Amino acid sequence: MDKFPAILPPFLILFFSFSLSLSDGYFTGNSSHPGLTSQADSLCAQLIEPNGYSCAEYIVQTKDGYLLALQRVSSRSGDIRVQQGRPVLLQHGLFMAGDAWFLDSTEQSLGFILADQGFDVWVGNVRGTRWSHGHTSLSETEKEFWEWSWQELALYDLAEMLNYINSVTSSKIFIVGHSQGTIMSLAALTQPDIAEMVEAAALLCPISYLDHVSAPLVLRMVAVHLDQMVLGLGLHQLNFRSDVLVNLVDSLCDGHVDCTDFLSSVTGQNCCFNKTRMDFYLEYEPHPSSVKNLRHLFQMIRQGTFSRYDYGILKNLLMYGQFKPPAFDLNSIPKSLPLWMSYGGNDALADVTDVQHTLEELTSNPELLYLENYGHIDFLLSINANRDVYDHMIGFFRSLEKSSSS
């Protein structure tokens with residue numbers, strides 16, 4: 001297994017998985033912390049502006065004190081101060097951040113494609129990721145900083161980003177989510193005050209149930225309680241750039257799971273992403289997450305639920321007033337809210353059976369795009385996703401724009 005570290009990085013990036021331009025020299029937003037990041041350290045400066053696109057940086061503050069980065073992108077010919085198109089919020093997946101939407105060419109990356117199509121593109125970055133800016137009082141070295149799961153990402157981070165975009169644009173918003181971004185979106189949309197700000201949602205690899213996950217290494221992690229092992233090491237941040245976690249995952253493979261094709265052992269077979277760009281991807285991925293977040297996802301796999309975090313009977317009583325955590329009721333997502341979903345036959349994380357379970361609980365009939373040969377990462381990084389996936393998504397958005405203007 002001495003070769004394992006050389007093939008580990010694909011797992012690290014592929015598991016599961018704010019009013020004047022930054023060029024004007026400062027940040028604005030609903031935070032009192034302008035200029036927290038230098039221009040050179042920003043997503044705008046590193047990936048977006050070098051390709052000729054206007055980009056602005058904003059900082060928004062959640063109700064529990066986290067400082068999140070939002071980027072706003074316009075086309076190469078557009079003026080970011082005079083955006084005409086409908087705002088679109090791009091919400092990334094687990095161990096990723098807003099850079100995930102800009103890692104390929106301008107013709108292949110969804111963030112650039114939407115900007116070129118005239119949409120008002122906003123890019124979300126959840127707490128703990130590289131581009132976000134910490135907390136008003138907590139340090140990233142403190143246990144309390146990492147006391148959250150996707151539940152907080154949905155109800156605080158996504159909610160605050162939508163609220164901010166709505167306040168700036170005075171418009172309802174299109175959401176695009178991938179993987180964890182779809183868990184966040186579906187959970188958030190069960191809340192009427194959040195759903196009211198959303199015009200429609202497009203979900204890539206939609207996840208609300210995970211009990212049919214088939215990825216061998218993921219199932220191995222669940223079986224050995226990797227989340228508990230990491231907590232036992234005194235860790236609350238999941239940072240897969242650390243030697244401790246690289247070695248721990250290495251030991252899970254050794255003699256237990258065939259990690260020769262490491263990526264397939266985690267995500268299922270991916271047909272179409274450009275493996276020659278892996279070194280470039282690894283300049284940006286993976287981003288940290290919390291151990292509690294991983295534990296919440298493992299609860300979903302073990303229990304077959306789409307519910308709030310399970311603290312155990314006693315603490316559940318204290319937190320929720322009942323023995324079991326409340327479920328996120330997909331029936332409560334408004335029937336009138338347009339949904340579009342795209343999923344793949346080779347996805348070992350967003351399994352077709354689980355997607356069907358989600359569809360059965362919704363009161364609406366989402367538009368569906370099924371691609372039999374696509375795996376979990378293809379929806380984000382496939383060299384053909386622009387015509388296989390994104391053209392369909394943009395057509396969905398355009399049809400809603402036409403119907404709202406008629």
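## Helix H5

In this predicted model, the end C-alpha atoms of H5 lie 26 Å apart, which agrees with the 28 Å that its 20 residues should span at 1.5 Å a residue.

Of the 20 residues of H5, 15 are buried, so the helix is largely enclosed by the rest of the structure. Ser 170 follows H5 and has a positive phi, near 55°.

## Packing of H5 against H6

H5 (residues 150–169) packs with H6 (residues 180–189) at an angle of about 65°, and the two axes are 9 Å apart. Their crossing is right-handed.

On the H5 side, the contact is made by Trp 150, Leu 153, Ala 154, Leu 155 and Leu 158. These meet Gln 180, Ile 183, Met 184, Ser 185, Ala 187 and Ala 188 in H6. By class, the contact residues comprise 9 nonpolar, 2 polar and no charged. In an α-helix there are 3.6 residues a turn, so residues three or four places apart point the same way.

## Phe 174 in strand E6

Phe 174 belongs to strand E6 (residues 173–178). Its relative accessible area is 0%, and because buried means under 20%, Phe 174 counts as buried.

Beyond its neighbours within four places in sequence, Phe 174 contacts Arg 86, Pro 87, Val 88, Leu 89 and Phe 119, along with Glu 199, Ala 200, Phe 397, Leu 400 and Glu 401. The C-alpha atoms of Phe 174 and Val 121 are separated by 9.6 Å, although these residues are 53 residues apart along the chain.

Methods
Residues numbered from 1 in each chain as written. Predicted model: local features only at pLDDT ≥ 70, side-chain atom pairs only at ≥ 80, totals over all residues. Heavy atoms only, no water. Axes fitted to C-alpha atoms, helices over the stretch in contact; angles between N-to-C directions. Helix = DSSP H or I, 4+ residues; strand = E, 2+ residues; numbered from the N terminus. Left-handed = near helix turned anticlockwise from the far one by under 90°. Contact = heavy atoms within 4.5 Å. Nonpolar A, V, L, I, M, F, W, Y, C, P; charged D, E, K, R; others polar. Expected span 1.5 Å × (residues − 1). Buried < 20%, exposed > 50% of the residue type's maximum accessible area, 1.4 Å probe, protein only.
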